[in-house]
Amino acid sequence: MNDAARKFDTVPARAEKTPLFREAPSNIEAEQALLGAILVNNDAFYRVSDFLKPEHYQEPLHRKIYEVGGDIIRMGKTANPVTIKTFLPADGKVGDMTVAQYLARLASEAVNIINAEDYGRAIYDLALRRALIGIGEDMVNIAFDAPLDMPPQTQIEDAERRLFELAENGRYDGGFQSFNDAVSLAIDMAGAAYQRDGGLSGISTGITSLDARMGGLQHSDLIVLAGRPGMGKTSLATNIAFNIAAAYEPEVQADGSMKAKNGGVVGFYSLEMSSEQLATRIISEQTEIPSSKIRRGDITEADFEKLVGCSQMMQKIPLFIDQTGGISIAQLSARARRLKRQRGLDVLVIDYIQLMTGSGKSSDNRVQEITQITTGLKALGKELHVPIIALSQLSRQVESREDKRPQLSDLRESGSIEQDADVVLFVFREEYYVNNMEPRRTAEEVAADIKTPEYLAWEDKMTKVRGTADVIIAKQRHGPTGTVQLAFQSQFTRFTDLADTSYDQFSHDEH
């Protein structure tokens, strides 16, 4: 009791020394100086406009002046106290001054244009500090209130998301982008494609015929790779992921950061297979030793040396695997942001959508949950500016049709997969179905190698489709649809370009 009383006695003394509140960091004088410089010489605006936005100003009136002035300058007109005041409230007051008088005062006390960028950086840094304070306050308040619908893990993921957005060069503003900026980005993309191996606008899959149709994997795209079990969805995704990681060639940027010139850093969410199984597939593909032999240990000394050499090479490639099963879209997003921040990230692969869970309370409605997942993946791709390859199962109705080639309507559980996807690819191996249609022969026929007309017809059909696979481009926002025929080596689970490219799929685009 005495200790508690003593603590209360010390409160007033401490309160006298500590201010009752702290103001958010800001520098009104810097804002006034920069606006004055812009009003006197509009060239000052272009020194700061690439990073400084209206919302970075603390004072609301300054935000409005900067926004209106920027719009006028972009139109090729002169922004000064006379032209700007007509777009501001005429009856507004700044202390004892009218808005028109305030604008004239800003211009009369303008700083030199040479200092404009320094003032802009100061304003920008203070805005980031205020945003950090806001995130910190929200974290503390939510942690104290502990709402039932926001467990601690969800709060951590939300805080990570907001901090990542804040770290991404001011992308947290979420405002509109001028078409002028978009055109500049398009030109930069074309320049990068010109310099990149293969002349692709996107990241090469390592499969030439597929790249020819798609132009590579485009940034921010959600690419859905779908098929029935046994078609080779995971094999194709694994092949592409390895090809991209193996081709990784970093390039140092002007600010010291690293950017992929060719290939890229790949994050692979393997929700179905363990990381060891995935690694075995990749090793089998690279060494051309069947994965079944690797698992059984049925290998020669020469094979073992191949495996060791391959594993040493694979340790150097930037392919990162997460084997957490039943991961939620929020957890996946948080881990992807962390990977991009720590190691870099250029492509994300998810195997597969139906094994993920939503973040809300819609788990009893699977259609709503899949919608939430695909919408979240599309938003994540735009946020991280990376292509996302998401694998998906197809419904069983494919098996009941005579023509087993999949269609967009076969996408399972939700139309949102088709709606949110920028590209939809179907993997179809006719060999799989033809092989199951082998006519039965009696023991005597097999022993005497007697082949019925039905068996000969089946054998002829099997010869035509053996070792081939079709990748059907059923939807593509920025290119043609159609079919790409690939070679498939089932014993190595490997997709490659066909050695004979005389087929004419490329000359007949579907629209």
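**Close-up 1. K475, a buried lysine in a predicted model.** K475 has a relative accessibility of 16%, so this lysine counts as buried, the cut-off being under 20%. In this predicted model, K475 is part of strand β11, which runs over residues 468-476. What does its side chain meet? A polar atom of the K475 side chain lies 2.8 Å from the backbone oxygen of A421. Leaving aside residues up to four places away in sequence, K475 touches L408, E418, Q419, A421, D422, V423, V424 and T481.

**Close-up 2. Helices α4 and α6 packing against each other.** Take a look at helix α4 (residues 60-74) and helix α6 (residues 99-108): their axes are 13 Å apart and meet the eye at an angle of about 75°. That angle makes α4 roughly perpendicular to α6. Who makes the contact? On the α4 side we find L61, H62 and I65, and on the α6 side Y102, L103 and L106. Sorted by class, that gives 5 nonpolar residues, 1 polar one and no charged ones.

**Close-up 3. Helix α15 and the glycine just after it.** Helix α15 spans residues 329-342, which is 14 residues. From first C-alpha to last, α15 reaches 20 Å, close to the 20 Å expected at 1.5 Å a residue. Which of its residues are buried? They are I329, L332, S333, A334, A336, R337 and L339. Just past the end of α15 comes G344, with a positive phi of about 95°.

Methods: Residues are numbered from 1 along each chain as its sequence is written. This is a predicted model: local features need pLDDT of at least 70, side-chain atom pairs count only at pLDDT 80 or more; totals for chains, interfaces and linings use all residues. Side-chain values use heavy atoms; hydrogens and water are left out. Helices (H or I, at least four residues) and strands (E, at least two) are DSSP runs, numbered from the N terminus. Buried means under 20% relative accessible area, exposed over 50%, partly exposed in between (1.4 Å probe, protein chains only). A polar contact is a pair of N or O atoms within 3.5 Å; within protein, one must be able to donate a hydrogen and the other to accept it, and residues adjacent in sequence count only if both atoms are side-chain atoms. Contact means heavy atoms within 4.5 Å. Axes are lines fitted to C-alpha atoms, for helices over the stretch in contact, and angles run from 0 to 180 degrees between N-to-C directions. Angles under 35 degrees count as roughly parallel, over 145 as roughly antiparallel, 65 to 115 as roughly perpendicular and the rest as oblique. Ala, Val, Leu, Ile, Met, Phe, Trp, Tyr, Cys and Pro count as nonpolar, Asp, Glu, Lys and Arg as charged, and the others, Gly among them, as polar. The expected span of a helix is 1.5 Å times one less than its number of residues.
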